[in-house]
Amino acid sequence: MSPPPIIAPSILSADFAALGKACSDTIDHGATWLHIDIMDGHFVPNMTFGAPVVTKIRPHVQPPSTAYGTGTFDCHMMIAEPKKWVKDFQKAGCDLYCFHYEAAINSTAADNPADHSESRTSPRDMVRYVHEQQMLAGIAIKPETPVDVLWEILDNADKEEVPDMVLVMTVHPGFGGQKFMASEMPKVKALRDRYPNLNIEVDGGLSEATIGQAAEAGANVIVAGSAVFGAKDPADVISKLKKAVESRR
């Protein structure tokens, strides 16, 4: 049996004029995590917000009492230099720091936004560094990245270098409201078949209409933005998403 369902609404679709209340209301409606999309205008063409916003919304949501628990801030780092911002986001209240594989193989080992380093980081180094900062570590892949690049990372005998979650993007990262890419489901199935206990997240175009495909493939962490925040009854949508995953475990 795969891990339990986790619904992580993306606050990119929330009301930014009342963001703290939107976050607390969403947890009250039954969400497990909050998915926080961080974009820098370099790794992806769009820009969102940074650590100061995470700091401001953290008091509105009780931090999780256990790993993966309710109230987890799942920060999806769509940024070109992921190592530079780990400490800032830890201080801001991030619980799960999910960086992109594509960034980790092309970025520096500098661990401060103001610093520069000639050394390069790697996905394994990034996971270890995130764990050293007392956060869970996630690794994300874009649609154009084959899933098998993750095998050597996930099969590592050193558990400090093994991610706690894999995020399979089901849209091209950078903008909300895109159409769900069913073409990415074989990646999810391959991950679930190979790693039955792994938390596998999907992000992009998830709704009541597409949740069945994602859950059937083996995803248990579901990111939904407009489907939740744009709903007349967000609690009902969250419940239906959760049930769809639970029924396919």
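Helices, taken as H or I runs of at least four residues, and strands, taken as E runs of at least two, are DSSP runs numbered from the N terminus.

**View 1. Overall fold of the predicted model**. By this assignment the protein chain has 10 helices and 8 strands. Its radius of gyration is 17 Å, close to the 18 Å that the globule rule gives for 249 residues, so the protein chain is as compact as a globular protein of that length. The C-alpha trace spans about 50 × 40 × 35 Å along its principal axes, and 57% of the 249 residues count as buried.

**View 2. The surface of the protein chain and its charged side chains**. The protein chain exposes about 10600 Å², of which carbon and sulfur atoms supply 51%. There are 23 positive and 32 negative side chains, and the centres of these two sets lie 3 Å apart.

**View 3. The largest nonpolar core, with a closer look at Phe-89**. This core has 67 residues, and those that touch the most other members are Ile-11, Ile-36, Phe-89, Tyr-97, Leu-150 and Leu-191. Helix 10 (residues 234-246) contributes the largest share of this core, namely 5 residues. A second, separate core of 13 residues includes Ile-6, Ala-8, Leu-96 and Ala-140. In soluble globular proteins, nonpolar side chains tend to be buried together. When neighbours within four places in sequence are left aside, Phe-89 is in contact with Ile-38, Gly-50, Ala-51, Val-54, Cys-75, Met-77, Cys-94 and Tyr-97.

**View 4. Leu-19 in helix 1**. Leu-19 lies in helix 1, which covers residues 19-28. Because its relative accessible area is 11%, and buried means under 20%, Leu-19 counts as buried. Residues up to four places away in sequence not being counted, Leu-19 touches Ile-11, Ala-14, Val-53 and Ile-57.

View 5. In helix 5 (residues 123-132), the buried residues are Pro-123, Met-126, Val-127, Tyr-129, Val-130 and His-131. Just after helix 5, the backbone at Gln-134 takes a positive phi of about 65 degrees.

Technical notes:
Residues are numbered from 1 along each chain as its sequence is written. This is a predicted model: local features need pLDDT of at least 70, side-chain atom pairs count only at pLDDT 80 or more; totals for chains, interfaces and linings use all residues. Side-chain values use heavy atoms; hydrogens and water are left out. The radius of gyration is taken over C-alpha atoms; the globule rule is 2.2 Å times the number of residues to the power 0.38. Buried means under 20% relative accessible area, exposed over 50%, partly exposed in between (1.4 Å probe, protein chains only). Accessible areas come from the Shrake-Rupley method with a 1.4 Å probe; for residues, only the protein chains shown count as cover. Lys and Arg count as positive and Asp and Glu as negative; His and the chain ends are not counted. The place of a charge is taken as NZ of Lys, CZ of Arg, CG of Asp or CD of Glu. A nonpolar core is a set of buried Ala, Val, Leu, Ile, Met, Phe, Trp, Tyr and Cys residues joined through side-chain atoms within 4.5 Å. Contact means heavy atoms within 4.5 Å.
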